[in-house]
Amino acid sequence: EQFNYMKYLTLILSFSIIAGCSGNKAIKIKKKSHPSHIYNYMDIDRDSLNYLETDYVPVYSDIYFQDGTRRFHLTITISIRNTSLVDSAFILSALYYDSYGKMLTQYVDSTLLLSPLESIEFVVEEIEELGGPGANFIVEWGAKNYSNQILIQSIMIGTYGQQGVSFISEAKVISSDFKE
């Protein structure tokens, strides 16, 4: 009888350890990563901005590898930098689209003030699997004066076993308007 009791206790202990480990794994997967920056929201009339620009930012939530049927998932960071020493910029919207052009997420719901030399970032987690290899961001921003003051880059990074991948891409201006 004592042998059966020990067997039963060992079995319960084993299940507890396995359940505990998989519970920790589930918590790690659900953990969200957040940028470390505090955003400064501002109520500004779009018509008060003399310069408006829309940028297309190519991003990759995954890339193909081996025979083209397997995907390597990546974390995406969008970095938006105000390169002006004196002028502020205003981020009006940042929309995340999948490979098919379907909008997935709106990252800005109110105008963000970007002071001189300030930068902000948005993160798409590695576990997000909707974007695909043709995903993109559309970023709209404005300024009081005409200026080529915004630098937008996407940084993709991922690891699998001992393999690591990282690369960047830069935004392309798709429309601009300057009121003199």
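Tutor: Asp62 counts as buried, with a relative accessibility of 0%; here buried means under 20% relative accessible area, exposed over 50%, and partly exposed in between, with a 1.4 Å probe and protein chains only. The model is a predicted one, in which local features need pLDDT of at least 70 and side-chain atom pairs count only at pLDDT 80 or more, while totals for chains, interfaces and linings use all residues. Residues are numbered from 1 along each chain as its sequence is written, and side-chain values use heavy atoms, with hydrogens and water left out.

Buried as it is, Asp62 takes part in a salt bridge with Arg71, whose closest N and O atoms are 3.3 Å apart (a salt bridge being a side-chain nitrogen of Lys or Arg within 4 Å of a carboxyl oxygen of Asp or Glu). Arg71, by contrast, is partly exposed, at 38% relative accessible area. The strands concerned are strand 3, residues 62-65, and strand 4, residues 70-73, which pair in the antiparallel sense over four bridges; strands (E, at least two residues) and helices (H or I, at least four residues) are DSSP runs numbered from the N terminus, and two strands pair if DSSP finds at least two bridges between them. Within this pairing, Asp62 stands opposite His73 in strand 4. The two strands form a hairpin with four residues between them, and in the turn Gln66 has a positive phi of about 55°.

The structure holds two salt bridges, and the other one to look at joins the side chains of Glu140 and Arg46, at 3.3 Å from N to O. Glu140 belongs to strand 10 (residues 136-143) and Arg46 to the loop between strand 1 (40-41) and strand 2, so this pair ties together parts that lie 94 residues apart in sequence. Both partners are partly exposed: Glu140 has a relative accessible area of 23%, and Arg46 one of 38%.

Strand 10 itself is mostly covered, with seven of its eight residues buried. Strand 2 pairs with strand 10 in the antiparallel sense over eight bridges, and strand 6 is joined to strand 10, also antiparallel, by seven bridges. Thr54, located in strand 2 (residues 51-58), counts as buried at 13% relative accessibility. Leaving aside residues up to four places away in sequence, Thr54 touches Ile138, Val139 and Glu140 as well as Lys172, Val173, Ile174 and Ser175, where contact means heavy atoms within 4.5 Å. As background, side chains in a regular strand alternate between the two faces of the sheet.

A further set of strands forms an open sheet, in the order 9-5-11-12 with antiparallel pairing. Strand 9 (119-124) and strand 12 (163-170) stand at its edges, each with a single partner strand, so one side of each is left without a neighbour in the sheet. Neighbouring strands of this sheet are turned by 15° against each other on average, direction ignored; the axes are lines fitted to C-alpha atoms (for helices, over the stretch in contact), and angles run from 0 to 180 degrees between N-to-C directions. Strand 5 is joined to strand 9 by six bridges, and Ile76 is found there opposite Val124. In strand 12 lies Gly164, which is partly exposed at 45% relative accessible area. Gly164 is 92 residues from Phe72 in sequence and 9.9 Å from it in space, C-alpha to C-alpha.

At the surface, Leu85, Val86 and Leu117 form a nonpolar patch with about 370 Å² of accessible area together. Patches are made of residues with over 30% relative accessible area and no salt bridge, like charges being joined within 9 Å and nonpolar side chains (Val, Leu, Ile, Met, Phe, Trp, Tyr) within 5 Å; the areas come from the Shrake-Rupley method with a 1.4 Å probe, and for residues only the protein chains shown count as cover. Leu85 sits in the loop between strand 5 (75-82) and strand 6 (89-97) and is exposed, at 70% relative accessible area.
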